[in-house]
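Please look through the structure below, with its sequence alongside.

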Amino acid sequence: MTGLFAARPSWRDAPEALRSAVAQACGSPVLGSRDLHGGMSPGPAGVLRLADGRQVFVKAVSREASIASHRFYRQEATALSVMPSEAPAPKLLARIEVDGWCALVMSLAEGGPAGPPWTSDGVALVAAACEHIGRLPAPAGVPPIGDLLTDLDGWQRLADGDPGRLDRWERRHAEALAGLAAGWPAWTTGTALVHQDIRADNAVVDPRAGRAVLVDWSFACSGAGWLDRARLAADVVGTGHRDGPAAALRTATGLLGALPADAPGFVAALAGMWRYRSTLPAPPGHPTLRPWQRERSRLLRPLLTTLI
């Protein structure tokens, strides 16, 4: 996996009190651990091998390292606790809070990360998982998407604020992109379960079993059932395809072509949101987040160009 943090701290370096509490919650001694890296949290994550033969996934973060990640882990625990059993998601086994740390213990998803880069098989499996959850009603306990995404009008905000912050390409296309994104409060609304953070490093694929499990449900919400597939299209272009940029663009436009007419607007809105957020101060504990958001918006330009 890759993300904003190339390496996480080792699980073995987590506080003893936290590791003991996790072992107690698992109901079996921990015989060993294998660290995992990537993602966007500065806390440790890994696979624990238990004395009873099970393997579980654990991730943890301290409030001191990142207030935002600490809050997101709590949100994810809430979402997983009400997740429909048929959703392609890990099962929450325990949530532990010790001395300002929050740890989540989950069932281990079989397979490997969907990327980067994406592959055609990985895209197909994740698209199927997104379509499946888009048919499930959002459970009580997750917020509406409008409570989480309040700045999908980023292009308009940038154009109305200080256009000097935009480069030449952005100034030329900001008005058209803002037009595509207009009306987002209405067409993002819905009653379906939405993962809302589809990325290659948030999906575990098992081609032999023909399935994908979506992980990191911190931003689960209710909304239109097609949103995750549109977000998948954006990530294929932003993250890259193993067969190159042309394959990424072809795959993304194919995904969007099968969705409602507002789907291109959601991709434009996501790019505008990331670009607008890139102009804001970095949140504590995430110094590379703003550069990532600006780069993600830039990488989507080939797709945005086809959409406008």
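In which helix is Glu170 found? Glu170 is found in helix 6, residues 168–181, where helices (H or I, at least four residues) and strands (E, at least two) are DSSP runs numbered from the N terminus. The model is a predicted one, in which local features need pLDDT of at least 70 and side-chain atom pairs count only at pLDDT 80 or more, while totals for chains, interfaces and linings use all residues. Residues are numbered from 1 along each chain as its sequence is written, and side-chain values use heavy atoms, with hydrogens and water left out.

Glu170 has a relative accessible area of 3% and is therefore buried; buried means under 20% relative accessible area, exposed over 50%, and partly exposed in between, with a 1.4 Å probe and protein chains only. Leaving aside residues up to four places away in sequence, Glu170 touches Trp155, Arg165, Arg275 and Arg301, contact meaning heavy atoms within 4.5 Å. A polar atom of the Glu170 side chain also lies 2.8 Å from the backbone nitrogen of Asp167. Between Glu170 and Arg298, which are 128 residues apart in sequence, the C-alpha to C-alpha distance is 9.1 Å.

His241 lies between helix 8 (227–239) and helix 9 (245–257), and it counts as buried because its relative accessibility is 7%. Its side chain is joined to that of Ser120 by a polar contact of 3.3 Å; a polar contact is a pair of N or O atoms within 3.5 Å, of which, within protein, one must be able to donate a hydrogen and the other to accept it, and residues adjacent in sequence count only if both atoms are side-chain atoms. A polar atom of the His241 side chain lies 3.0 Å from the backbone nitrogen of Asp243. Not counting residues up to four places away in sequence, the residues that His241 touches include Pro117, Trp118, Val236 and Thr251.

Consider next the strands around strand 5 (101–107). Strand 5 is mostly covered, with six of its seven residues buried. Seven bridges join strand 5 to strand 3, running antiparallel, and six bridges join strand 5 to strand 4, also antiparallel; two strands pair if DSSP finds at least two bridges between them. Val105 of strand 5 is the bridge partner of Val58, and Ala94 stands opposite Val105. The hairpin of strand 4 and strand 5 has two residues between the strands, and in this hairpin Asp99 takes a positive phi near 50°.

Helix 2 packs against these strands: its buried residues contact strand 3 (55–62), strand 4 (92–98) and strand 5. Among those buried residues are His70, Tyr73, Glu76 and Leu80. The 15 residues of helix 2 (residues 67–81) should span 21 Å at 1.5 Å a residue, and the end C-alpha atoms are 22 Å apart, which agrees; the expected span is 1.5 Å times one less than the number of residues.

An open sheet of three strands has the order 6-8-9 with antiparallel pairing, and its edge strands, strand 6 (112–113) and strand 9, each pair on one side only. Strand 8 and strand 9 are joined by four bridges, and Ala203 stands opposite Leu214 in strand 9. Helix 3 lies across strand 8 and strand 9, at about 60° to strand 9, where axes are lines fitted to C-alpha atoms, for helices over the stretch in contact, and angles run from 0 to 180 degrees between N-to-C directions. The buried residues of helix 3 include Val126, Ala129, Cys130 and Ile133, and Leu214 touches each of these four.

In soluble globular proteins, nonpolar side chains tend to be buried together. The largest nonpolar core has 76 residues, of which Val126, Leu214, Trp217, Trp226, Leu232 and Phe266 touch the most other members; such a core is a set of buried Ala, Val, Leu, Ile, Met, Phe, Trp, Tyr and Cys residues joined through side-chain atoms within 4.5 Å. Helix 10 (residues 263–277) gives the most to this core, with ten residues. A second, separate core of 17 residues includes Val22, Leu50, Ala94 and Val105.
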